[in-house]
Amino acid sequence: MAAENLAVSRETFDNVILPVYAPAQFVPVKGKGSRVWDQQGKEYIDFSGGIAVTALGHCHPALVETLKSQGETLWHTSNVFTNEPALRLASKLIAATFAERVFFGNSGAEANEAAFKLARYYACKKHSPFKSKIIAFHNAFHGRTLFTVSVGGQPKYSDGFGPKPADIVHVPFNDLAAVKAVIDDHTCAIVVEPIQGEGGVMPATPEFMQGLRALCDQHNALLVLDEVQSGMGRSGKLFAYEHYGIKPDIITTAKALGGGFPVSAMLTTHEIASVMAPGVHGTTYGGNPLACAIAETALDIINTPEVLNGVDARREQFVSALQKINQQFDIFSEIRGRGLLLGAVLNAQHASKARDILNASAAEGLMVLTAGSDVIRFVPSLVIEPTDIAEGMARFARAIAKVLN
Ligand SMILES: *Cc1c(COP(=O)(O)O)cnc(C)c1O
């Protein structure tokens with residue numbers, strides 16, 4: 001029997017939810033592919049992908065099928081017992097990447113927390129308890145636990161919560177000289193997003209990534225890549241590190257991993273994993289059969305030439321539509337990012353209008369995101385229909401016209 005149907009609306013949010021978000025004024029109730037409908041039946045095109053999560057669109061039939069079949073089979077056993085979906089998903093992630101060992105969590109922050117703890121623990125066990133320095137970057141985003149906001153490079157997210165974990169140094173992104181100036185033999189890890197997402201859709205340059213790899217090797221530090229947003233096909237390769245010709249030591253993935261179902265993973269090598277032992281780290285829900293079965297299906301679909309090769313074609317359609325809009329309105333200084341992690345940067349004349357454009361887009365029936373106050377971010381489904389891109393861009397152009405008038 002269904003739960004009692006209490007009437008709720010956007011207004012209810014202000015009365016019952018911790019005020020850490022400011023959601024748009026409509027409440028989505030249904031999604032199919034890249035279309036979403038709200039309580040009033042108004043239809044939206046979704047260029048936001050649940051913030052780079054619903055990489056196969058809403059309610060993809062194969063994911064729904066797995067959700068139903070695994071949902072009728074086994075949901076949760078705890079880590080006192082292992083399960084088949086987790087073992088299959090780990091095996092497939094290992095086959096598809098540099099990795100040899102996998103740890104499952106439930107969110108990006110949780111995967112990163114595990115990665116940072118592992119980097120510290122490895123250095124402590126293999127080298128010295130004083131080898132604890134973590135080098136990270138301004139504007140980086142790694143999640144909302146106290147450790148992950150502290151490694152993140154946005155003090156507005158970490159100030160006010162008491163003492164922060166120590167020995168974390170922040171330097172400018174894409175600035176190898178700045179890293180050279182602070183790295184030493186007490187450094188246990190460099191933590192970096194191959195494409196900064198929340199920080200403004202900023203890709204790392206190849207020289208920067210390759211330079212970080214070399215510096216880590218020189219100082220026996222681990223290269224930890226946060227691929228929570230850039231991973232699982234978003235960049236046009238399964239993981240963005242593949243664009244750089246480097247081998248990381250640890251990567252984390254979450255957002256698109258479950259296609260909308262909460263699940264995350266930290267991937268590493270056998271050598272690094274070997275310092276861990278039962279009891280050193282853990283999580284109750286991590287690696288549960290329901291989440292892992294759905295992620296396995298998502299990975300099976302995303303890690304195919306059809307989906308991965310389709311990313312760049314869709315990107316081109318986005319970029320050319322945005323360039324056309326820019327010819328008309330002269331509003332962007334740059335279109336940047338990789339694959340379907342796209343940022344349209346507002347020029348100086350229109351700085352700080354990102355949120356207004358997001359709201360105007362919603363009014364026109366289009367869901368977009370911002371990344372800071374000057375960047376409109378597009379992270380749609382990797383299989384979004386070309387007709388949906390075209391219609392969404394027509395709505396986007398109307399929204400911009402309204403904001404500028
Ligand atoms: C979203 C994000 C996170 C945090 O993931 P949660 O699931 O919200 O904990 C961490 N790192 C990056 C790069 C992200 O984009």
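This is a predicted model: local features need pLDDT of at least 70, side-chain atom pairs count only at pLDDT 80 or more; totals for chains, interfaces and linings use all residues.
**Stop 1: the ligand**

Select the ligand and the residues around it. The shell consists of Ser107, Gly108, Ala109, Asn112, Phe141, His142, Gly143, Glu193, Asp226, Val228, Gln229 and Lys255. Colour the shell by class. You will see three nonpolar, six polar and three charged residues.

Which helix gives the most to the shell around the ligand? Show helix α5, residues 108-126. Helix α5 gives the most, with three residues.

Begin with the backbone of Ala109. A polar backbone atom there is 2.7 Å from an oxygen atom of the ligand. Turn to Gln229. Here a polar side-chain atom lies 2.7 Å from a ligand oxygen. Then pick Lys255. A polar atom of the Lys255 side chain lies 2.6 Å from an oxygen atom of the ligand. Taken alone, the ligand exposes 380 Å², and the protein buries 82% of that.

**Stop 2: Glu227**

Stay with the loop between β10 and β11, and select Glu227 there. Is Glu227 buried or exposed? Glu227 is buried, because its relative accessible area is 0%.

Draw the side chain of Glu227. It makes a polar contact with the side chain of Ser230, at 2.8 Å. The Glu227 side chain also reaches the backbone nitrogen of Ala240, at 2.8 Å. Next, show the contacts of Glu227 beyond four places in sequence. They are Pro194, Phe239, Ala240, Tyr241, Thr252 and Thr253.

**Stop 3: Asp249**

Move along to Asp249, in the loop between β10 (222-226) and β11 (250-253). Asp249 has a relative accessible area of 11%, so it counts as buried.

**Stop 4: helix α3**

Select helix α3, residues 61-71. Its buried residues are Leu63, Thr66 and Gln70. Why do they fall on the same side of α3? They cover an arc of only 60° around the axis, which puts them there.

**Stop 5: Ile331**

Go to the loop between α12 (305-329) and β13 (332-338), and select Ile331. Ile331 counts as buried because its relative accessibility is 0%.

Show what touches Ile331, leaving out residues up to four places away in sequence. The contacts are Asn326, Val345, Leu346, Asn347, His350, Ile357, Ile400 and Leu404. The C-alpha atoms of Ile331 and Gly365 are separated by 21 Å, and the two residues are 34 apart along the chain.

**Stop 6**

Most residues other than glycine have a negative phi. Select Ile51 in helix α2, residues 49-52. Ile51 has a positive phi of about 60°, although it is not a glycine. With 34% relative accessibility, Ile51 counts as partly exposed.

Then jump to Ser352, in the loop between β14 (341-346) and α13 (354-363). Ser352 also has a positive phi, near 70°.

**Stop 6: Phe13**

Finish at helix α1, residues 10-16, and select Phe13. Phe13 is buried, because its relative accessible area is 17% and the cut-off for buried is under 20%.

Which residues is Phe13 in contact with, leaving aside neighbours within four places in sequence? Select Tyr21 and Pro23. Last, pick Glu100. Phe13 and Glu100 are 87 residues apart in sequence and 44 Å apart in space, C-alpha to C-alpha.

Conventions. Residues are numbered from 1 along each chain as its sequence is written. Side-chain values use heavy atoms; hydrogens and water are left out. Buried means under 20% relative accessible area, exposed over 50%, partly exposed in between (1.4 Å probe, protein chains only). Helices (H or I, at least four residues) and strands (E, at least two) are DSSP runs, numbered from the N terminus. The arc is that of the directions from the helix axis to the C-beta atoms. A residue is near a molecule or strand if one of its heavy atoms lies within 4 Å of it. A polar contact is a pair of N or O atoms within 3.5 Å; within protein, one must be able to donate a hydrogen and the other to accept it, and residues adjacent in sequence count only if both atoms are side-chain atoms. Accessible areas come from the Shrake-Rupley method with a 1.4 Å probe; for residues, only the protein chains shown count as cover. Ala, Val, Leu, Ile, Met, Phe, Trp, Tyr, Cys and Pro count as nonpolar, Asp, Glu, Lys and Arg as charged, and the others, Gly among them, as polar. Contact means heavy atoms within 4.5 Å.
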